[in-house]
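I wanted to go through this model on screen and write down what I looked up.

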There are 2 protein chains.
Amino acid sequence: MKLYDSVRAPNPRRVRIFLREKGIEIPTVTVDLAAFEHREAAFAQVNPLRRTPALELDDGTVITESVAICRYFEEIHPHPVLFGRTPLEKALVEMWNRRAEFELFVPITHTFRHGHPGMAKHEVPQLAEWAEINRPKIMEGLALLNEQLSKTLFLAGDAFSIADITALCAIDFMKPTKTKVPDEMMSLLRWHQEVSSRPSALA
Amino acid sequence: MKLYDSVRAPNPRRVRIFLREKGIEIPTVTVDLAAFEHREAAFAQVNPLRRTPALELDDGTVITESVAICRYFEEIHPHPVLFGRTPLEKALVEMWNRRAEFELFVPITHTFRHGHPGMAKHEVPQLAEWAEINRPKIMEGLALLNEQLSKTLFLAGDAFSIADITALCAIDFMKPTKTKVPDEMMSLLRWHQEVSSRPSALA
C-alpha cells in the first residue's frame with residue numbers, strides 16, 4: 001500500500017500522527033498542493049475529489065477521507081487503541097472527533113480559505129463575509145473543548161484518541177487565520193502542551 | 001435510555017431510520033425545533049450545543065452527534081451490520097458516509113439555512129451569497145453518488161449501510177432548496193427508489 005500525503009495541510013497530518021501513534025510505517029507519495037499537483041489528471045485517477053490524503057491498497061482500492069484511512073489502520077492494527085474500546089468509549093470518541101471537526105476544524109478552515117489572500121486561487125469564489133462569520137465560531141469551538149478538558153485528561157476521556165489528533169491538527173492550523181487559544185483557556189492550553197509533547201506531534 | 005428527537009429535521013431522521021433497521025425501540029422525547037425548544041435552558045442541560053438528536057443513557061451520560069449515537073447502537077446491537085464487517089468494508093462505509101455528509105448533506109444544509117426566508121431566525125447572520133455558492137455543489141455531490149451507484153448496489157458496496165441512510169436523509173431534505181435529482185442520474189434514482197421502499201424510510 002502507499003499513502004498520498006501533503007506537507008503543511010492539516011488533514012494529511014491527522015493520518016501521519018495516527019500512523020506514528022500506531023508505530024506503522026508505509027511508503028508515501030508527496031502531492032504538492034501549492035503546485036496544484038492534486039488538481040492534475042494523474043491524481044484524479046487516484047481520488048476524483050482531488051484531495052489528500054488518499055490510501056492506495058495493493059489491489060488498487062483507494063480509501064479517502066482522513067478518518068476512513070485511520071479507521072482502516074485501527075482495524076488491521078488495533079493497538080494502541082485510538083477509536084475507543086467499549087461501546088460507550090467508541091461513541092464518545094466518535095462524538096468528540098466530530099465536535100472537534102464541526103465546531104472547530106470547519107470554522108478554522110473556512111476562515112482561512114475564504115479570508116486568506118493566498119487561498120484566492122484555491123477557493124473560488126472566495127467570500128470574505130463567510131470568513132468573518134466563521135471567525136467567532138473558532139472561539140466558540142475552543143471554549144467547548146476547554147470546558148470538556150477542564151473535566152477530562154483527553155477529549156474523549158482518560159485515553160488519547162483520534163479526537164485529540166483532530167483537535168491538535170485544527171488548533172495548529174489556526175496560525176494563518178491569525179487567531180490563537182486565549183490565555184484564560186487554561187485546560188485547553190494544558191492539553192495542547194501535553195499532546196504536542198508526544199513524539200507523534202512532530203509528524 | 002431515551003432519545004431526544006425532532007420531526008422533519010434530517011439528522012434526527014438518520015437515527016430513527018438506523019434504529020428501525022436494527023429493530024430497536026426506545027422511549028423518545030420530542031423537541032420542537034420550530035418552537036425553539038432546543039434553545040431553551042432545559043435542553044441545554046442535555047446538549048450544550050442545543051441540537052437534536054441526543055441520546056441520554058440511564059446513568060445520565062449524553063451522546064450527541066447522529067453518527068456517534070448510531071455507532072453506540074451498532075456496538076451494543078451488532079445485527080444487522082450497518083457500519084461494515086471487514087476492515088475494508090468499515091473503511092469504505094466511513095468514507096462514503098463522510099462523502100455523503102461533506103459533499104452532499106453540507107451543501108444542502110447551507111443552501112437551505114442561508115437561502116430560505118423561513119430560516120432567517122435560525123441562522124444568524126444569514127448570507128444569501130453563501131447559499132448560492134453551495135447550490136451548485138449539491139449537483140456535484142449528487143453526481144459523485146450517481147457515479148458510484150452505477151457500479152455498486154448501495155453506496156459503500158453490496159450491503160445497505162449508514163452511508164445510505166445519510167444520503168437518503170440528505171436527498172429527501174433537498175425539497176426546501178427547490179432542487180431535485182436530475183432525471184439523467186438514473187443510478188441514483190434507482191437507488192433512491194430502492195432505499196425509500198424499505199420500511200425504515202418511513203421513520
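Predicted model: local features only at pLDDT ≥ 70, side-chain atom pairs only at ≥ 80, totals over all residues.

I counted the secondary structure of chain A and got seven helices and four strands. Read from the N terminus, the elements run β-α-β-α-β-β-α-α-α-α-α. I then looked up the radius of gyration of chain A, which is 17 Å; the globule rule gives 17 Å for 203 residues, so chain A is as compact as a globular protein of that length. The C-alpha atoms of chain A fill a box of roughly 45 × 45 × 25 Å along the principal axes. Of the 203 residues of chain A, 45% count as buried. I also looked at contacts in chain A between residues at least 6 apart in sequence, and 63% of them join residues at least 24 apart.

**Entry 1: the sheet of chain A**

In what order do the four strands of the chain A sheet lie? I read the order as 2-1-3-4, in an open sheet with mixed pairing. Strand 2 and strand 4 (62-64) of chain A are the edges, each pairing on one side only. Neighbouring strands are turned by 20 degrees against each other on average, direction ignored.

I went through the pairings next. Strand 1 (residues 2-5) of chain A pairs with strand 2 (residues 28-30) of chain A in the parallel sense, over three bridges. In this pairing Asp5(A) has Thr30(A) of strand 2 as its bridge partner. Between these two strands the chain passes through helix 1 (residues 10-22) of chain A, and the β-α-β crossover is right-handed.

Strand 1 of chain A also runs antiparallel to strand 3 (residues 54-56) of chain A, joined by three bridges. Here I found Leu3(A) bridged to Leu55(A). Strand 3 and strand 4 of chain A are antiparallel as well, again with three bridges. Leu55(A) has Ile63(A) as its bridge partner in strand 4 of chain A.

**Entry 2: the sheet of chain B**

I then turned to chain B. Its open sheet has four strands in the order 2-1-3-4, with mixed pairing. The edge strands are strand 2 (28-30) and strand 4 (62-64) of chain B. The twist from one strand to the next averages 20 degrees. Strand 1 (residues 2-5) of chain B pairs with strand 2 of chain B in the parallel sense over three bridges, and Asp5(B) has Thr30(B) as its bridge partner in strand 2. Helix 3 (residues 66-76) of chain B lies across strand 3 (54-56) and strand 4 of chain B, at about 120 degrees to strand 4.

**Entry 3: helix 5 of chain B**

I checked the length of helix 5 (residues 128-149) of chain B. At 1.5 Å a residue its 22 residues should span 32 Å, and the end C-alpha atoms are 32 Å apart, which agrees. I listed the buried residues of this helix, among them Trp130(B), Ile133(B), Ile138(B), Leu142(B) and Leu145(B). What do the buried residues of helix 5 of chain B pack against? They pack against helix 5 (128-149) of chain A, together with helix 4 (87-115), helix 6 (162-172) and helix 7 (186-196) of chain B.

**Entry 4: where the chains touch**

I found 24 residues of chain B in contact with 24 residues of chain A. On the chain B side, strand 4, helix 3, helix 4 and helix 5 each supply at least two residues. Helix 4 of chain B gives the largest share, nine residues.

**Entry 5: backbone details**

I looked for cis peptide bonds. The bond from Val124(A) to Pro125(A) is cis, with omega near -5 degrees; Pro125(A) sits in the loop between helix 4 and helix 5 of chain A. In chain B, the bond from Thr52(B) to Pro53(B) is cis with omega near 5 degrees, and Pro53(B) is in the loop between helix 2 (41-46) and strand 3 of chain B.

I also noted positive phi values outside glycine. Arg8(A) has a phi of about 70 degrees and lies in the loop between strand 1 and helix 1 of chain A. Is Arg8(A) buried or exposed? Arg8(A) has 10 C-beta neighbours inside 10 Å, so it counts as exposed; the cut-off for exposed is 12 or fewer. Glu65(B) has phi near 80 degrees and lies in the loop between strand 4 and helix 3 of chain B. With 26 C-beta neighbours inside 10 Å, Glu65(B) counts as buried.

Terms used. Residues numbered from 1 in each chain as written. Chains lettered and ligands numbered in written order. Pairing = 2+ DSSP bridges. Right-handed = clockwise from strand over helix to strand, strands pointing away. Rg over C-alpha atoms; globule rule 2.2 N^0.38 Å. Buried ≥ 20, exposed ≤ 12 C-beta atoms within 10 Å, placed from the backbone. Contact = placed C-beta atoms within 7 Å. Expected span 1.5 Å × (residues − 1). Axes fitted to C-alpha atoms, helices over the stretch in contact; angles between N-to-C directions.
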